[in-house]
Amino acid sequence: MSAVDAQLLRPASLADEIAYRLERDILEGRIRLGQRLAQDELCARFGVSRTPVREALTKLQASSLVTLRPNRGAIVRTPARREVQEVYELRAELEGFAAERACSRIDAVARRRLRAAQLELAAAVRDVDPASVGAAGRGQLAAIVGRANDAFHDVILEAADNQALSGDVRRLRDWFPKDYVTEAASSVNELLTLNVHEHESIEGALQSGDGAGARRAMTDHIVHAGHLLIEHLDRQRFWG
(Lines give C-alpha, C1' and ligand atoms only; values in the text may rest on other atoms or scores of the structure.)
Protein backbone atom coordinates (compact mmCIF):
# COMPACT_ATOMS: atom_id res chain seq x y z
CA MET A 1 0.00 0.00 0.00
CA SER A 2 1.42 3.40 -0.98
CA ALA A 3 1.54 6.38 1.36
CA VAL A 4 -1.20 8.02 -0.69
CA ASP A 5 -3.41 4.90 -0.48
CA ALA A 6 -2.93 4.94 3.30
CA GLN A 7 -3.95 8.59 3.45
CA LEU A 8 -7.11 7.80 1.50
CA LEU A 9 -8.14 5.39 4.24
CA ARG A 10 -7.76 7.89 7.07
CA PRO A 11 -11.12 9.28 8.19
CA ALA A 12 -11.58 13.04 8.19
CA SER A 13 -12.87 14.83 11.27
CA LEU A 14 -16.64 14.88 11.70
CA ALA A 15 -16.74 18.57 10.79
CA ASP A 16 -14.64 18.00 7.67
CA GLU A 17 -16.82 15.09 6.57
CA ILE A 18 -20.04 17.07 7.10
CA ALA A 19 -18.61 20.11 5.32
CA TYR A 20 -17.48 17.93 2.42
CA ARG A 21 -20.88 16.26 2.01
CA LEU A 22 -22.76 19.55 2.19
CA GLU A 23 -20.28 21.16 -0.19
CA ARG A 24 -20.92 18.42 -2.74
CA ASP A 25 -24.67 18.74 -2.30
CA ILE A 26 -24.41 22.48 -3.02
CA LEU A 27 -21.95 22.23 -5.91
CA GLU A 28 -23.90 19.43 -7.56
CA GLY A 29 -27.30 21.10 -7.17
CA ARG A 30 -28.94 18.86 -4.56
CA ILE A 31 -29.13 21.82 -2.16
CA ARG A 32 -30.36 24.95 -3.91
CA LEU A 33 -29.41 28.61 -3.78
CA GLY A 34 -31.23 30.35 -0.93
CA GLN A 35 -32.06 27.15 0.92
CA ARG A 36 -31.86 27.37 4.71
CA LEU A 37 -29.59 24.91 6.48
CA ALA A 38 -31.06 24.47 9.95
CA GLN A 39 -28.62 23.13 12.52
CA ASP A 40 -31.20 20.85 14.16
CA GLU A 41 -32.02 19.25 10.81
CA LEU A 42 -28.33 18.77 10.00
CA CYS A 43 -27.69 17.24 13.42
CA ALA A 44 -30.49 14.76 12.75
CA ARG A 45 -29.29 14.03 9.22
CA PHE A 46 -25.72 13.28 10.25
CA GLY A 47 -26.46 11.90 13.72
CA VAL A 48 -24.12 14.32 15.47
CA SER A 49 -24.18 17.10 18.04
CA ARG A 50 -24.29 20.79 17.20
CA THR A 51 -20.52 21.34 17.56
CA PRO A 52 -19.32 19.57 14.37
CA VAL A 53 -22.29 21.01 12.46
CA ARG A 54 -21.34 24.56 13.51
CA GLU A 55 -17.72 23.90 12.56
CA ALA A 56 -18.78 22.53 9.17
CA LEU A 57 -20.96 25.56 8.44
CA THR A 58 -18.10 27.88 9.39
CA LYS A 59 -15.89 26.06 6.86
CA LEU A 60 -18.55 26.48 4.18
CA GLN A 61 -18.87 30.18 4.98
CA ALA A 62 -15.10 30.57 4.49
CA SER A 63 -15.55 28.96 1.06
CA SER A 64 -18.35 31.41 0.15
CA LEU A 65 -20.99 28.67 -0.15
CA VAL A 66 -23.17 29.72 2.79
CA THR A 67 -23.94 32.85 4.74
CA LEU A 68 -24.25 32.42 8.52
CA ARG A 69 -26.90 34.51 10.26
CA PRO A 70 -26.94 34.90 14.06
CA ASN A 71 -29.62 32.70 15.62
CA ARG A 72 -31.12 31.96 12.19
CA GLY A 73 -28.88 29.24 10.80
CA ALA A 74 -27.18 29.31 7.42
CA ILE A 75 -28.40 30.23 3.95
CA VAL A 76 -26.88 28.70 0.82
CA ARG A 77 -25.27 31.15 -1.54
CA THR A 78 -23.53 30.31 -4.79
CA PRO A 79 -21.04 32.87 -6.05
CA ALA A 80 -21.66 34.31 -9.48
CA ARG A 81 -19.52 33.09 -12.38
CA ARG A 82 -17.94 36.53 -12.60
CA GLU A 83 -16.92 36.36 -8.92
CA VAL A 84 -15.02 33.12 -9.50
CA GLN A 85 -13.35 34.55 -12.62
CA GLU A 86 -12.30 37.71 -10.82
CA VAL A 87 -10.83 35.81 -7.86
CA TYR A 88 -8.69 33.64 -10.14
CA GLU A 89 -7.61 36.64 -12.22
CA LEU A 90 -6.47 38.42 -9.06
CA ARG A 91 -4.81 35.27 -7.67
CA ALA A 92 -2.91 34.85 -10.94
CA GLU A 93 -1.45 38.35 -10.70
CA LEU A 94 -0.64 38.17 -6.99
CA GLU A 95 0.89 34.69 -7.08
CA GLY A 96 2.84 35.57 -10.22
CA PHE A 97 4.27 38.57 -8.38
CA ALA A 98 5.05 36.35 -5.38
CA ALA A 99 6.96 33.90 -7.56
CA GLU A 100 8.98 36.68 -9.16
CA ARG A 101 9.74 38.21 -5.76
CA ALA A 102 10.66 34.80 -4.30
CA CYS A 103 13.15 34.19 -7.09
CA SER A 104 15.76 36.55 -5.66
CA ARG A 105 15.06 35.58 -2.04
CA ILE A 106 14.64 31.80 -1.95
CA ASP A 107 17.45 30.00 -0.11
CA ALA A 108 18.79 26.44 -0.22
CA VAL A 109 16.50 25.26 2.59
CA ALA A 110 13.40 26.62 0.85
CA ARG A 111 14.51 25.06 -2.43
CA ARG A 112 14.71 21.66 -0.73
CA ARG A 113 11.27 22.18 0.82
CA LEU A 114 9.89 23.14 -2.58
CA ARG A 115 11.33 19.96 -4.12
CA ALA A 116 9.93 17.81 -1.29
CA ALA A 117 6.46 19.37 -1.65
CA GLN A 118 6.50 18.78 -5.39
CA LEU A 119 7.58 15.15 -4.99
CA GLU A 120 4.68 14.60 -2.59
CA LEU A 121 2.26 16.26 -4.98
CA ALA A 122 3.51 14.23 -7.94
CA ALA A 123 3.10 11.03 -5.93
CA ALA A 124 -0.47 11.96 -5.00
CA VAL A 125 -1.35 12.45 -8.65
CA ARG A 126 0.55 9.48 -10.08
CA ASP A 127 0.04 6.78 -7.46
CA VAL A 128 -3.76 6.69 -7.30
CA ASP A 129 -6.15 6.06 -10.17
CA PRO A 130 -9.17 8.32 -9.44
CA ALA A 131 -11.46 5.89 -11.27
CA SER A 132 -10.57 3.11 -8.83
CA VAL A 133 -11.37 4.84 -5.55
CA GLY A 134 -15.05 5.77 -5.96
CA ALA A 135 -16.73 9.12 -5.40
CA ALA A 136 -15.75 9.44 -1.73
CA GLY A 137 -12.19 8.38 -2.53
CA ARG A 138 -11.94 10.99 -5.29
CA GLY A 139 -12.97 13.62 -2.78
CA GLN A 140 -10.31 12.46 -0.34
CA LEU A 141 -7.76 12.32 -3.16
CA ALA A 142 -8.65 15.90 -4.06
CA ALA A 143 -8.05 16.91 -0.43
CA ILE A 144 -4.66 15.16 -0.39
CA VAL A 145 -3.64 16.80 -3.67
CA GLY A 146 -4.91 20.13 -2.31
CA ARG A 147 -2.75 19.89 0.82
CA ALA A 148 0.37 19.01 -1.18
CA ASN A 149 -0.41 21.79 -3.64
CA ASP A 150 -0.81 24.29 -0.79
CA ALA A 151 2.57 23.21 0.62
CA PHE A 152 4.25 23.96 -2.72
CA HIS A 153 2.63 27.37 -3.05
CA ASP A 154 3.26 28.21 0.62
CA VAL A 155 7.02 27.75 0.22
CA ILE A 156 6.95 30.35 -2.54
CA LEU A 157 4.80 32.74 -0.51
CA GLU A 158 7.15 32.45 2.45
CA ALA A 159 10.18 33.03 0.24
CA ALA A 160 8.50 36.14 -1.23
CA ASP A 161 8.69 37.56 2.32
CA ASN A 162 5.71 39.93 2.17
CA GLN A 163 3.07 39.33 4.85
CA ALA A 164 0.39 41.47 3.22
CA LEU A 165 0.84 39.59 -0.05
CA SER A 166 0.76 36.20 1.68
CA GLY A 167 -2.38 37.11 3.61
CA ASP A 168 -4.23 38.25 0.49
CA VAL A 169 -3.24 35.17 -1.50
CA ARG A 170 -4.31 32.77 1.25
CA ARG A 171 -7.62 34.57 1.70
CA LEU A 172 -8.35 34.32 -2.03
CA ARG A 173 -7.18 30.71 -2.14
CA ASP A 174 -9.73 29.75 0.52
CA TRP A 175 -12.54 31.77 -1.04
CA PHE A 176 -13.98 28.84 -3.06
CA PRO A 177 -13.47 25.08 -2.52
CA LYS A 178 -10.10 24.79 -4.23
CA ASP A 179 -10.04 21.00 -3.91
CA TYR A 180 -12.80 20.99 -6.52
CA VAL A 181 -10.23 21.95 -9.16
CA THR A 182 -8.70 18.48 -8.79
CA GLU A 183 -12.08 16.83 -9.27
CA ALA A 184 -12.79 19.13 -12.22
CA ALA A 185 -9.88 17.67 -14.20
CA SER A 186 -11.31 15.50 -16.96
CA SER A 187 -8.36 13.07 -17.09
CA VAL A 188 -5.24 11.92 -15.28
CA ASN A 189 -3.19 13.68 -17.98
CA GLU A 190 -4.88 16.97 -17.15
CA LEU A 191 -4.08 16.43 -13.47
CA LEU A 192 -0.45 15.74 -14.38
CA THR A 193 -0.27 18.89 -16.49
CA LEU A 194 -1.75 21.09 -13.77
CA ASN A 195 -0.04 19.63 -10.71
CA VAL A 196 3.23 18.23 -12.06
CA HIS A 197 4.33 19.75 -15.36
CA GLU A 198 3.28 23.32 -14.60
CA HIS A 199 4.76 23.16 -11.10
CA GLU A 200 8.02 21.85 -12.54
CA SER A 201 8.15 24.89 -14.84
CA ILE A 202 7.65 27.19 -11.87
CA GLU A 203 10.24 25.33 -9.80
CA GLY A 204 12.74 25.32 -12.67
CA ALA A 205 12.48 29.09 -13.07
CA LEU A 206 12.95 29.58 -9.31
CA GLN A 207 15.96 27.24 -9.23
CA SER A 208 17.62 29.06 -12.15
CA GLY A 209 16.89 32.56 -10.85
CA ASP A 210 14.60 33.50 -13.74
CA GLY A 211 12.22 35.93 -12.05
CA ALA A 212 10.28 36.85 -15.17
CA GLY A 213 9.94 33.18 -16.10
CA ALA A 214 8.74 32.27 -12.60
CA ARG A 215 6.13 35.00 -12.72
CA ARG A 216 4.90 33.95 -16.16
CA ALA A 217 4.77 30.24 -15.26
CA MET A 218 2.88 30.90 -12.03
CA THR A 219 0.41 33.30 -13.65
CA ASP A 220 -0.33 30.82 -16.44
CA HIS A 221 -0.74 28.03 -13.86
CA ILE A 222 -3.37 29.89 -11.81
CA VAL A 223 -5.20 31.01 -14.96
CA HIS A 224 -5.31 27.37 -16.12
CA ALA A 225 -6.72 26.24 -12.76
CA GLY A 226 -9.40 28.92 -12.92
CA HIS A 227 -10.40 28.01 -16.47
CA LEU A 228 -10.55 24.33 -15.53
CA LEU A 229 -12.83 25.03 -12.57
CA ILE A 230 -15.15 27.42 -14.40
CA GLU A 231 -15.52 25.12 -17.42
CA HIS A 232 -16.39 22.25 -15.10
CA LEU A 233 -18.98 24.35 -13.25
CA ASP A 234 -20.41 25.41 -16.61
CA ARG A 235 -20.86 21.76 -17.55
CA GLN A 236 -22.50 21.12 -14.18
CA ARG A 237 -24.92 24.04 -14.79
CA PHE A 238 -23.79 25.33 -11.43
CA TRP A 239 -24.83 28.89 -12.19
CA GLY A 240 -28.45 27.85 -12.77
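Buried means under 20% relative accessible area, exposed means over 50%, and partly exposed is in between, with a 1.4 Å probe and protein chains only. S64 sits in the loop between α4 (50-62) and β2 (66-69). Its phi is positive, about 65 degrees, although S64 is not a glycine. Most residues other than glycine have a negative phi.

Some ground rules. This is a predicted model, where local features need pLDDT of at least 70, side-chain atom pairs count only at pLDDT 80 or more, and totals for chains, interfaces and linings use all residues. Residues are numbered from 1 along each chain as its sequence is written, and side-chain values use heavy atoms, with hydrogens and water left out.

Now the whole chain. The protein chain has 11 helices and three strands. Helices (H or I, at least four residues) and strands (E, at least two) are DSSP runs, numbered from the N terminus. What order do the elements run in from the N terminus? They go α-α-β-α-α-β-β-α-α-α-α-α-α-α.

The chain has 240 residues, and 47% of them count as buried. The protein chain exposes about 11900 Å². Carbon and sulfur atoms supply 49% of that area. Accessible areas come from the Shrake-Rupley method with a 1.4 Å probe; for residues, only the protein chains shown count as cover.

Next, contacts. Contact means heavy atoms within 4.5 Å. Take the contacts in the protein chain with a separation of 6 or more: residues 24 or more positions apart account for 76% of them.

A122 lies in helix α6 (residues 108-126). A122 counts as buried, at 7% relative accessibility. A122 and V196 are 74 residues apart in sequence, yet 5.8 Å apart in space, C-alpha to C-alpha.

On to a helix pair. The axes of helix α5 (residues 81-103) and helix α8 (residues 163-173) come within 10 Å. They cross at roughly 145 degrees. Axes are lines fitted to C-alpha atoms, for helices over the stretch in contact, and angles run from 0 to 180 degrees between N-to-C directions. Which hand does the crossing of α5 and α8 have? It is left-handed. That term applies if the near helix is turned anticlockwise from the far one by less than a right angle; clockwise is right-handed.

Who meets whom? From α5 come V87, L90, R91, L94, E95, F97 and A98. From α8 come L165, D168, V169, L172 and R173. The residues of this contact divide into eight nonpolar, no polar and four charged. Ala, Val, Leu, Ile, Met, Phe, Trp, Tyr, Cys and Pro count as nonpolar, Asp, Glu, Lys and Arg as charged, and the others, Gly among them, as polar. An α-helix has 3.6 residues a turn, so residues three or four places apart point the same way.

D161 is in the loop between α7 (134-160) and α8. Its phi is near 60 degrees, a positive value in a residue other than glycine. Is D161 buried or exposed? D161 is exposed, with a relative accessible area of 58%.

Now helix α11. Helix α11 (residues 211-235) has 25 residues. It reaches 36 Å from its first C-alpha to its last, close to the 36 Å expected at 1.5 Å a residue. The expected span is 1.5 Å times one less than the number of residues. Just after α11, R237 takes a positive phi of about 55 degrees.

H221 is in α11, and at 4% relative accessibility it counts as buried. Setting aside residues up to four places away in sequence, H221 touches N149, H153, L194, E198, H199 and I202. H232 is also found in α11. H232 counts as buried at 12% relative accessibility. Beyond its neighbours within four places in sequence, H232 is in contact with Y180, E183 and A184.

D25 lies in helix α2 (residues 14-27). At 10% relative accessibility, D25 counts as buried. Its contacts, leaving aside neighbours within four places in sequence, are R30, I31 and R45.

R50 is in helix α4. At 38% relative accessibility, R50 counts as partly exposed. Not counting residues up to four places away in sequence, R50 touches Q39, D40 and C43. R50 and D40 are 10 residues apart along the chain, and their C-alpha atoms are separated by 7.5 Å.
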